[in-house]
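Work through the following exercises with the sequence and the model side by side, trying each task before reading its solution.

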Amino acid sequence: MKYSYYPGCTLRTKAKDLDVYARASAAALGIELEEIEDWQCCGGVYPLGSDEIATKLSSVRALNAAKEKGQALVTMCSACHHVIKRVNDDMKNVEDIRTRANNYMELEEPYAGETQVLHFLEVLRDKVGFDELKKKVTNPLKGKKIGAYYGCLLLRPSKLLSFDDPENPKIIEDFIRAIGAEPVIYPYRNECCGGYISLKEKEMSKNMCEKIMASAEGFGAEMLTTACPLCLYNLNKSTGKKLPVIYFTELLAKALGVKEEVAKS
């Protein structure tokens, strides 16, 4: 299985673990993540103004690069996935945005939303299959009680992202089961952590994170796992690391027996 891969800028700095463990795990599963050339930051926030074409162009470049290779585009960061998938929908369904973006890009062939955008968790669920993933596990995380933290960017807007049920998601819980651990289902797992307001409304963001942590702890979680660098940072910063919060790719690498190889490299 070969995919075009958009890592995003945070995975080059603060969220290196999300990237390096993903690459090692993918290789162990026979998945080739082919990083697209000359990618640029997606912006981190989907531009809501329909006239904001310039801020969508980096996503269009990435999408078109995957199209030219005839590959689906895989993302790892929740924010990148959110932005790129929404821009892809614009290019497919909003004629004005599609026309103006293509006029700016001056591509040999106009881009019209042809690329399939997949989060790596979707690759594990829909392409590898969690039953097959379970067979590949060499170091099952038995006895670990892990709470999935989805946040909001993976799940909403639900019809457009089509990632999972926004009110009762289960993809990360199914992933946790596949690697041999016990998922802890708690009420605040799909609530926003307040990451985007953490600078302006620090106290409000802190309260949101405290509720998430208290909810997870109250239901017996020993750690949380997420796909979102902003969520991981905000939860750790706002709560003083009451529970460990780690990327799902690190759990995967450990279960597949490749985490130590990454640590040595």
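**Exercise 1.** Determine how the axes of helix H3 and helix H4 are placed relative to each other, and which residues meet where the helices touch.

Solution. In this predicted model, the axes of H3 (residues 78–93) and H4 (residues 95–105) come within 6 Å and cross at roughly 100°. Angles of 65 to 115 degrees count as roughly perpendicular, and therefore H3 and H4 are roughly perpendicular to each other. On the H3 side, the residues involved are Asp 90, Met 91, Lys 92 and Asn 93, which meet Glu 95, Ile 97, Arg 98, Ala 101 and Asn 102 of H4. Sorted by class, this contact has 3 nonpolar, 2 polar and 4 charged residues.

**Exercise 2.** Check the span of helix H1 against its number of residues, and then find which of its residues are buried.

Solution. H1 covers residues 16–28, and because 13 residues at 1.5 Å a residue should span 18 Å, the 19 Å between its end C-alpha atoms agrees with expectation. The buried residues in H1 are Leu 18, Asp 19, Tyr 21, Ala 22, Ala 24, Ser 25 and Ala 26. Just after H1, Gly 30 takes a positive phi of about 75°.

**Exercise 3.** Decide whether Thr 75 is buried or exposed, and describe its surroundings.

Solution. Thr 75 lies in strand E3, which comprises residues 73–75. Because its relative accessibility is 0%, Thr 75 counts as buried. Leaving aside neighbours within four places in sequence, Thr 75 is in contact with Tyr 6, His 81, Ile 84, Val 117, Leu 118, His 119 and Phe 120. With His 81, Thr 75 also forms a side-chain polar contact of 2.9 Å.

Key: Residues numbered from 1 in each chain as written. Predicted model: local features only at pLDDT ≥ 70, side-chain atom pairs only at ≥ 80, totals over all residues. Heavy atoms only, no water. Helix = DSSP H or I, 4+ residues; strand = E, 2+ residues; numbered from the N terminus. Buried < 20%, exposed > 50% of the residue type's maximum accessible area, 1.4 Å probe, protein only. Polar contact = N/O pair within 3.5 Å; in protein donor to acceptor, adjacent residues only side chain to side chain. Contact = heavy atoms within 4.5 Å. Expected span 1.5 Å × (residues − 1). Axes fitted to C-alpha atoms, helices over the stretch in contact; angles between N-to-C directions. Parallel < 35°, antiparallel > 145°, perpendicular 65-115°, else oblique. Nonpolar A, V, L, I, M, F, W, Y, C, P; charged D, E, K, R; others polar.
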